[in-house]
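Morning, everyone. I have one structure to walk through today. Have a look at it first, then I'll talk.

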Number of protein chains: 2
Amino acid sequence: MSVMNGAQAVLQTLNSADIDVCFTNPGTSEMHLVAGMVTTTGMRSILCLFEGVATGAADGYGRMAGKPGSTLLHLGPGLGNGLANLHNARRAGTPVVNMVGDHATYHKAFDAPLDTDIEAMAGTVSQWVRRTQSVADVGRDTAEAIAAARTASGHLQGGVATLILPSDVCWSAGGTAAPVPAARRPSIDTDAVERIATMLRTRDDCLLLIGGGNMRRSGLDAAGRIARATGARLLAEKSPARHERGAGIVAVDRLPYPRDLAAARLKDAQCIVLAGAGAPVAFFAYPGQPSTLIPSACEVHDLGAAPEALEYLADLLAPHALPLTARASRPGLPSGELTARKAAAVIGAFLPEGAIVVDEAITSDQWLPEATAGAPVHDWLNITGGSIGMGLPVATGAAAACPNRPVLSLEADGSAMYTLQALWTQAREGLDVTTVIFNNASYAILDAELRRVGAFDGTDAQRSRALIDIPGLDFVSLANGMGVPATRARTAEAFAHQLRRALAEPGPHLIDAIVPPVSGS
Amino acid sequence: MSVMNGAQAVLQTLNSADIDVCFTNPGTSEMHLVAGMVTTTGMRSILCLFEGVATGAADGYGRMAGKPGSTLLHLGPGLGNGLANLHNARRAGTPVVNMVGDHATYHKAFDAPLDTDIEAMAGTVSQWVRRTQSVADVGRDTAEAIAAARTASGHLQGGVATLILPSDVCWSAGGTAAPVPAARRPSIDTDAVERIATMLRTRDDCLLLIGGGNMRRSGLDAAGRIARATGARLLAEKSPARHERGAGIVAVDRLPYPRDLAAARLKDAQCIVLAGAGAPVAFFAYPGQPSTLIPSACEVHDLGAAPEALEYLADLLAPHALPLTARASRPGLPSGELTARKAAAVIGAFLPEGAIVVDEAITSDQWLPEATAGAPVHDWLNITGGSIGMGLPVATGAAAACPNRPVLSLEADGSAMYTLQALWTQAREGLDVTTVIFNNASYAILDAELRRVGAFDGTDAQRSRALIDIPGLDFVSLANGMGVPATRARTAEAFAHQLRRALAEPGPHLIDAIVPPVSGS
């Protein structure tokens, strides 16, 4: 057996944990890892033209694959470009092994132009950060990074583990692969579950707020049984990382984004039981309004994030209950000038079974939940950390993770422009992603926010359009420029025709759906 | 006089320091600053569709305007997206007042989805970071941020000052503008200058390595006089932030990027005098090669970064010397299939007087210095921190700073894709930028780097194309999709025709120049 270099030890350790896809945007300091991927048949490198695409794709991959997504980035500036989508991955609890190449250990002292404090940057989005100091350690460090990415923390099931790999560690001989330690799973406190069960048996004013790993079919089933047996209300966190839904699955509303609407959904709660969700908080602060969404007299109990806790609670309370599930139904096809509402109906009418929907449609998304509630079973991926620019990358990664499932990427024009380079990777890899741009030529959400924060009177609001309107984006040209076939829809009929065709054909497509702006509230 | 809120105090303080342009990508937490910009006629907000565009534009603006560039970003993820170009600004020594909105002070405790450790992120690129705690402090903090951005440090003339502005600080009443303190300028050590003068009088084996603020006409003139009088060789740092050059100005070669070529330029030096440049170091580490470029027996003396130091040295050594300056000359127009070399000749033939050239052409740029050496006087802006994706944003900011000067943005296809959204801002603002994409359909530099780091044998090198080739980018479509007129050139004749036209017309244009890849060494 030949002696491995450090890069090969990294890749072999990743392969041993079934990590066989890496989203890359490498440079000189990562060339031995790149070379290793070419010679290691067990690692597929998916090239991205921008690091935010790589990190968002790793998030989407990790949400769907049942194993960590991985990245390869180029020093501190490359990590910087990837931070926003690592932030979303962190908030999603997605396991991500985030590899960042750096200068050789001995080169750091010279403060070469690309040198930066990678640890400080990585610490803002990672639950684990390590710089490998020597080739002898690199297998062990990789193994611990994988375990760290899978480690539960708080209400999250995993997170970002950043492994900093100096170039000489990778090119030196003497690497050995290491076994991956077991990861800490979310723990279950059976006493707490039993106390909560006792409480739910005796009162009917409780709200069960679910999220995280409970947003899959089995968790929703357990929640539905509890609701049926106890009268507890069901509600879901605002932005579940992955929400399984559709006909035959327990339906649950999500907390709305606007603070006033969210507060209204919780205002009568006397008791909130958290099941995989964090304590509800306003997305932003607004003058004169409290940050928390929990009414002052309301009790809060935390069931813990382990899906086993919710299932245990359901078995205690409702072993034989039959939960209410969504009935199969599709909206009728609308006609006339296209609007976000009509587009939602068309999407509900055509959403294929097993689809993965990635939702970053922002203000245009408000009719989507109802329009798709009775569609065949699908997964719905949301923007967990609020950092826009996740949609196209997450769709890219989800498609790479699930090549036999259609991906529908619902995007806002403003958000799409942060990481549009994802389209190139979709084209190059032939990924089956249909992107719909809800193109309202504005940052429409800011129009509502200007009013909510009380920053404007009527006169100024007119002038503020200069900071909200983003006219002149032609997404057909932009998509074509990266090799993705694209069409434009101005009527509901055209949109229906184009969407049906795009979903039926393999490979990426984009529809530039021209819609009027809708209020963000 | 009406009571100001915090946002208004920030803007009034900026205006008092003649800062009247801000590159913005705001969100909810910045709405009062946005409102303030609409009502404050002294602040022009230039909207960018991605934060890396805003920060790169602030860098380009700061390099050209003689005053700080400024930004407005949205919390930690927005800052994250802007870090790479702030890194370049830091390495350029560009004064940038980098404003980052954050949640309200009292909202931080709730760990809302967008919450992050902004200080840690900002610290990696900033020489000054502060979070304003109260509206009473916001004028003073803004004033100190401006001074900090202008403060010299090491061989740099300024840097990034990050001011974190909680939303409640901005919306609360009671802000007052504050006077801006004087900034620390680079100091001059006259004893050291005189010692270096004595040395240069007695030996003729010295190399004067200039950079930073000495790369303008007057610094180059001083350096040229010293060289003429003492026999010292002249060389410039690899990537000056702003290099004034052309007919009538002292010409100076720059240190090459490839380590072997750079080392060859320095290998005979017995004595290096640094004048605004840092100690020369290899851009990357390579197996078996030292990081430093300074020969082991070579003395190093530092004149300090103050332009006054170099001028004092010139006055001591060569008060009456006439430096050698570049003679006016233009290359002839080439013909036939376009190459990077022929494109350089065309650019040299047409470069307009007073042009600002932003150079991120990477492997395609090697013929540009010679081809443009005798062109009319122009400024040449380089990629200082090695983080690609600076070119289009820096060109955008330079054009905003100098509306009466033509900007020529020379780009590589790979680098362009990091921050292509800059084209939209160029179109919206009608900026006079001509972008040339040297489109070789690859990350050509990595082809050379794979060999330099010894990662590949011949067989693997073929397979590695999958990680280097980036085919299928149509920059005409991409530019049109953002409202920028664009053409494609495959011959030298077509390129000449298109470049002349683009330079003659106001507003942004793009030329997709199809060229074969050239070796990066």
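**The A–B interface**

Let me start with charges. The rule finds 2 salt bridges across the interface of chain A and chain B. Keep in mind that this is a predicted model. Here is one of the salt bridges: Arg91(B) pairs with Asp111(A). Their closest N and O atoms sit 2.8 Å apart.

Next, polar contacts. Across the interface of chain A and chain B there are 32 residue pairs in polar contact, with both partners at pLDDT 80 or more.

Which elements of chain A give two or more residues to the side that touches chain B? On the list are α2 (31-39), α4 (75-92), α5 (118-123), α16 (422-429), α17 (444-452), α18 (458-463) and α19 (475-480) of chain A, along with the strand β3 (44-47). The top contributor is α4(A), with 9 residues.

What about residue types? That side of chain A splits into 46 nonpolar, 31 polar and 12 charged residues.

Now the totals. Chain A puts 89 residues into the contact, and chain B puts in 89 residues. The area buried between the two chains is about 7,300 Å². Carbon and sulfur atoms give 67% of that area. In chain A, the residues that lose the most area to chain B are Thr28(A), Pro113(A) and Leu467(A). Together they account for 9% of what that side buries.

**Symmetry**

How are the two chains related? Rotate by 180°, with 0.0 Å of shift along the axis, and chain A superposes on chain B. The RMSD is 0.0 Å. That is the relation of a two-fold axis. The same surface serves both copies, too: 100% of the contact residues of chain A recur in chain B.

**One residue inside chain B**

Last stop, Thr13(B). You'll find Thr13(B) in helix α1, residues 6-16 of chain B. Is Thr13(B) buried or exposed? Its relative accessibility is 0%, so Thr13(B) counts as buried. The cut-off for buried is under 20%.

What is Thr13(B) in contact with, beyond its neighbours within four places in sequence? The partners are Gly139(B), Thr142(B), Ala143(B), Ile146(B), Ala177(B), Ala178(B) and Val180(B). Take Val180(B) from that list. Thr13(B) and Val180(B) are 167 residues apart along the chain, yet their C-alpha atoms are separated by 7.7 Å.

That's my tour. Over to you.

Conventions
Residues numbered from 1 in each chain as written. Chains lettered and ligands numbered in written order. Predicted model: local features only at pLDDT ≥ 70, side-chain atom pairs only at ≥ 80, totals over all residues. Heavy atoms only, no water. Contact = heavy atoms within 4.5 Å. Buried area = accessible area lost by both parts, 1.4 Å probe. Salt bridge = Lys/Arg side-chain N within 4 Å of Asp/Glu carboxyl O. Polar contact = N/O pair within 3.5 Å; in protein donor to acceptor, adjacent residues only side chain to side chain. Helix = DSSP H or I, 4+ residues; strand = E, 2+ residues; numbered from the N terminus. Nonpolar A, V, L, I, M, F, W, Y, C, P; charged D, E, K, R; others polar. Least-squares fit on C-alpha atoms with pLDDT ≥ 70 in both. Buried < 20%, exposed > 50% of the residue type's maximum accessible area, 1.4 Å probe, protein only.
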